[in-house]
Amino acid sequence: MQENTIEKKFNKFIIAVSILIPVVVAVLFSVKLKDFGIKAEPLTFLPPIYATINGITAVVLIAAVRAIKNGNRKLHEKLMTTAIALSVMFLVMYVAYHMTADSTKFGGEGMIRYVYFFLLISHILLSIAVIPLVLITYVRALAERFDHHKKIAKITFPIWLYVAVTGVIVYLMIAPYYVN
């Protein structure tokens with residue numbers, strides 16, 4: 001019964017965080033510090049850093065899956081905690097950049113434009129969807145309900161990996177259009 005108690009304890013938290021993060025990011029994305037009289041230099045150095053963090057997250061996720069498949073649960077736990085920490089770091093930097101800099105418009109034309117927007121839109125939508133999946137997967141591991149953890153992890157992992165990898169691809173596609 002303790003497992004169910006742990007999951008129940010975190011249910012409201014998971015729901016709240018899963019709603020709050022996208023809403024707060026959407027609001028902060030449109031907020032510019034200069035609109036409040038705060039002089040802040042655009043943090044133009046951040047996009048390559050947070051794109052790199054996305055790439056590292058993808059590598060960490062793959063390493064975590066390999067660790068658990070090789071029976072190394074402790075390493076798996078450390079790597080998954082690292083992946084979550086990297087995702088939080090990404091989010092903080094992403095919001096900080098967008099609060100200090102104007103959005104960059106993609107300048108590609110033709111078919112590449114459709115590819116870019118497909119990747120961007122799917123990346124954004126799945127980055128929202130993966131929040132509760134990651135949290136539920138993590139809590140099920142905390143509750144030691146590994147049968148349930150494994151079932152949802154099979155859904156969470158490919159989505160989270162897709163979000164991490166497409167974050168890098170989207171950055172590489174838009175990087176030539178950044179103004180420094």
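Tutor: Let's start with Glu-144, which is exposed, with a relative accessible area of 52%. Here exposed means over 50% relative accessible area, buried means under 20%, and partly exposed is in between, using a 1.4 Å probe and protein chains only. This is a predicted model, in which local features need pLDDT of at least 70, side-chain atom pairs count only at pLDDT 80 or more, and totals for chains, interfaces and linings use all residues. Residues are numbered from 1 along each chain as its sequence is written, and side-chain values use heavy atoms, with hydrogens and water left out.

Glu-144 sits in the loop between α4 (111–142) and α5 (146–174). Helices are DSSP runs of H or I with at least four residues, strands are runs of E with at least two, and both are numbered from the N terminus. The phi of Glu-144 is near 60°, a positive value in a residue other than glycine. Most residues other than glycine have a negative phi.

Now let's move to the nonpolar core, a set of buried Ala, Val, Leu, Ile, Met, Phe, Trp, Tyr and Cys residues joined through side-chain atoms within 4.5 Å. The largest has 21 residues, and Tyr-50 and Trp-160 touch the most other members. Helices α2, α3, α4 and α5 each give two or more residues to this core. Leaving out residues up to four places away in sequence, Trp-160 touches Thr-57, Leu-61, Met-80, Ala-83, Ile-84, Ser-87, Val-130 and Val-134, where contact means heavy atoms within 4.5 Å. There is also a second, separate core of seven residues, including Ile-6 and Leu-135.

Tyr-50 leads us to the aromatic rings. Rings of Phe, Tyr and Trp (its six-membered ring) pair if their centres lie within 6.5 Å; planes under 30 degrees apart are stacked, over 60 edge-to-face, and the rest tilted. By this rule there are eleven aromatic pairs. In one of them, the centres of Tyr-50 and Tyr-94 are 5.6 Å apart and the planes meet at 70°, so the pair is edge-to-face. Because Tyr-50 lies in α2 (residues 46–69) and Tyr-94 in α3 (residues 73–100), the pair ties together parts 44 residues apart in sequence. Tyr-50 is buried, with a relative accessible area of 6%, while Tyr-94, at 21%, is partly exposed. Both also belong to a cluster linked by ring pairs, together with Phe-90, Tyr-97, Tyr-171 and Tyr-178.
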